[in-house]
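Let's take a walk through a protein structure together. Keep the sequence and the 3D view open as you read.

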Amino acid sequence: MRIRPYEHLEDFRQEVRAFIRENLPEAEARRISRATYNSFRDIGASLWWTSRLHEKGWSVPFWPVEYGGADWEPMQHFVLHEEMAMADAPTSNVQGTHLAGPMVYLYGSDFLKELILPGIREGKAAWSQGFSEPGAGSDLASLRTAARREGDRYIVKGQKIWTSGAYQADWGFFLVRTSQHEKKQQGISFLLIPMDTPGITVRQIPQINNDAHLCEVFLDDVEVPAAYMVGEEGQGWTYAKALLNLERTDSSFIFLNKREIVRLKRLIALEQPDGPVTADDHALRMRLAVVEAQVNALEWSVLRMLANEKRDYPTSAIASALKVRGSDLQQAITEIQIDVIGSKALRRYDRDTVCAGQFDLDAFWHDDVPGRTYGAIYSRSATVYGGSRQIQGNIIAKTAFGL
Amino acid sequence: MELNLSDEQTMLRDSVQRFVAEQYGLDGLRRVEAEATGWASDNWRQLAELGWLALPFAEEAGGLGGSLEDLAVLMIEFGSGHVLEPYVSTAVMCGQLLADAGGQGDLVGQVIAGEKVLAFAHTETARPADPLAVTATVATAEGDGYVLSGAKRVVVDAAGADHLVVSALVGETAGLFLVDTASAGLSMTTYGLIDGSAAADIVFDRLKLPADRLIATGELARTLTRDAIERGTLAWLAQAVGSLERCVSLTSAYVAERQQYGRPIGKFQALQHILANMFVESQEARSALYHALAHWHATPEERSRALSSAKIVICSAGRYISRNGIQLHGGYGMTEEFLIGHHFRRQIVIEKLFGDLDHHLAAFAAGAV
């Protein structure tokens, strides 16, 4: 054991900072910063930033080199993402870069690799993920959307829900049932579908955070070339599980949590002359101290995973622990943020206006006000999506303790 | 960076685990608890023979020159095994303080050989606003030496100590003195602590000290004091991590075995989710320790902040885990016949020493914005 995290990466960090300085206009960073911390409506910004990164060879550095990856050590990925988050750079379209892309290079045919990977790598195609269904949420394997083989095509019929960004996606990757078995995890396949295929209807669902990136996707006898099947028919469940094991630290949202701690401190400093909630507020400072200490620890939980520390417990349990603490912290930090801005948190903002930067600025309604409340409201989803907090508890009990 | 144990660290861990298996467990713990000193002399000899007392000292001082990570490995296993011997007081706090100050080479050699036990006689109040502060103990220059008067409270590991490192005011400034516990003018009231270790209240009544018993004054004394307290805090936090990780494994084993309603109680989701939360807390606790270790060689301010940050996370985790460990053990958690209750009390002791959780919360908060 020898604990020295960053000592050899200072040059690389400076290179990342220089890249961001040269490529990310300050106005764009401010626009993203003042919106909420999720940027699903910013798909244009996501793809634009991916294309900038691509020119540097950094758009998908974690992919294998032959597909455009950068052959980095784990800590370089950490540094790149940390610096981009701190600089309020757009987030990537993770459904493409982190899910569809790896799925295709791991299990897809050469045809699919050539068709799909360049668009993701170069920031040209937006992706969405069609997993959940009205009757298959936590119990995903109960999904019923069916794909029937007819010659060189599949005919897909069914409905998906919570399909983030489907309304503006070029492609979707869907879990579909291709055969019936006693064990419901069998007979599930991975199918890539262009979202402009006839028979697809997308409905945006209005959300409590004044957004509508979550969608219902109706598939009514959608014809899909059989060549768009990823890997073998019936292996979808196995592939999906392998995919979730690829990126085991993302669910900590460590960079978002770190950035929001910085923002919280900025808010406290900004609000200082304004009223009773100030930097001298003891109760407030205690709450900040707890979440900041927890973020410090969470960062080391991520570093431990990246450093391949040998553990007494299986990786799945440790990844679940990251998800639990990472999602709890998002909620705790954003909640303190709206407490700091007091009644200013109550004002409703039109999100498109905020994203476009069209709102009045003065010392009272300052730059950090508009996105906070919807950020805090949106953070309630962090303990719901990607395996709810309770599902994570079940996973830990089962995999760590065999219960 | 390497987070896995080196071959040497693996050997160290394995040898502590053997020591714990032979000397501790419930029976060994009861034997040590029965000692008025709060530790067993044969155990202490083993600590010396196994080289652990030499571990943190530089090779020039006769030590093994172990790294802070080596010390953490040792301390995590001590915590896991509920080892009560006064290692932190003797070697980590006082021994290294003397080695850092210089001029006490013989005594440092005796500490490494296991011949002397030391305690840090510093705290004067139950809940000091500033853990570094000294007000109730005063040393006055008189003749060729000093006269020491005042009182210290809840001095851990003092009951069986040969010497004390005593903090005192020298005029307006800080001072550190080396005091033989058999000195005339020193009276000690010893008592056991809830975890089986022992402490003492100590009164100095015009205790005469030759000049060579002054270890340091002024800024150096303050630095040595702070370093000793921070080293001790780090070592105890590593013990807390070992202890709370043990609580998780003790509790998971218990709920898998204990049958009610015709099945192991660990099959009930309400209990599973408590255990899952304990698991999350334990992961974060060890991560917090690594955070503190990573900042040890940063600036003094950064080091202190990282230590406070770690204490907040580790002691909060220790509370959650040990208390829910009792809950999941049911009535058996309330007995002395299960280890979980012993670790629970150990967690309380560690949390209160040299700056409690509230102190570190306040200190961390003060430097935040």
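How much of the accessible surface of chain A belongs to carbon and sulfur atoms? The share is 51%, out of an accessible surface of about 17,200 Å². Areas like this come from the Shrake-Rupley method with a 1.4 Å probe, and for residues only the protein chains shown count as cover.

## Before we dig in

This is a predicted model, where local features need pLDDT of at least 70 and side-chain atom pairs count only at pLDDT 80 or more, while totals for chains, interfaces and linings use all residues. Residues are numbered from 1 along each chain as its sequence is written, chains are lettered from A and ligands numbered from 1 in the order in which they are written, and side-chain values use heavy atoms, with hydrogens and water left out.

## Chain A as a whole

Chain A holds 13 helices and eight strands. (Helices are DSSP runs of H or I with at least four residues, strands are runs of E with at least two, and both are numbered from the N terminus.) Its C-alpha atoms fill a box of roughly 70 × 50 × 45 Å along the principal axes. The radius of gyration of chain A is 22 Å, which agrees with the value near 22 Å for a compact globule of 403 residues. That radius is taken over C-alpha atoms, and the globule rule is 2.2 Å times the number of residues to the power 0.38.

Of the 403 residues in chain A, 56% are buried. Buried means under 20% relative accessible area, exposed means over 50%, and partly exposed is in between (1.4 Å probe, protein chains only). Now look at contacts, meaning heavy atoms within 4.5 Å: among those in chain A with a separation of 6 or more, 75% join residues 24 or more positions apart.

Helix 4 of chain A covers residues 74-86 and reaches 19 Å from its first C-alpha to its last, close to the 18 Å expected. (The expected span is 1.5 Å times one less than the number of residues.) Helix 4 of chain A is mostly covered, with 10 of its 13 residues buried; among them are A:F78, A:L80 and A:E83. Its buried residues pack against helix 1, helix 3, helix 8 and helix 9 of chain A.

Helix 8 of chain A has 18 residues, 254-271, and reaches 26 Å, close to the 26 Å expected. Helix 8 of chain A is also mostly covered: 13 of its 18 residues are buried.

Start with A:S33 in helix 2 of chain A. A:S33 is buried, with a relative accessible area of 10%. Leaving out residues up to four places away in sequence, A:S33 touches A:D88, A:R263, A:R266, A:D368 and A:R372.

Next, find A:G44 in helix 3 of chain A. At a relative accessible area of 49%, A:G44 is partly exposed.

## Positive phi without glycine

Over in strand 7 of chain A sits A:D221. Phi of A:D221 is near 50°, a positive value in a residue other than glycine. A:D221 is partly exposed, with a relative accessible area of 41%.

In chain B, B:H82 has a positive phi of about 55° although it is not a glycine. B:H82 lies in the loop between helix 4 and helix 5 of chain B. Is B:H82 buried or exposed? B:H82 counts as buried, at 2% relative accessibility.
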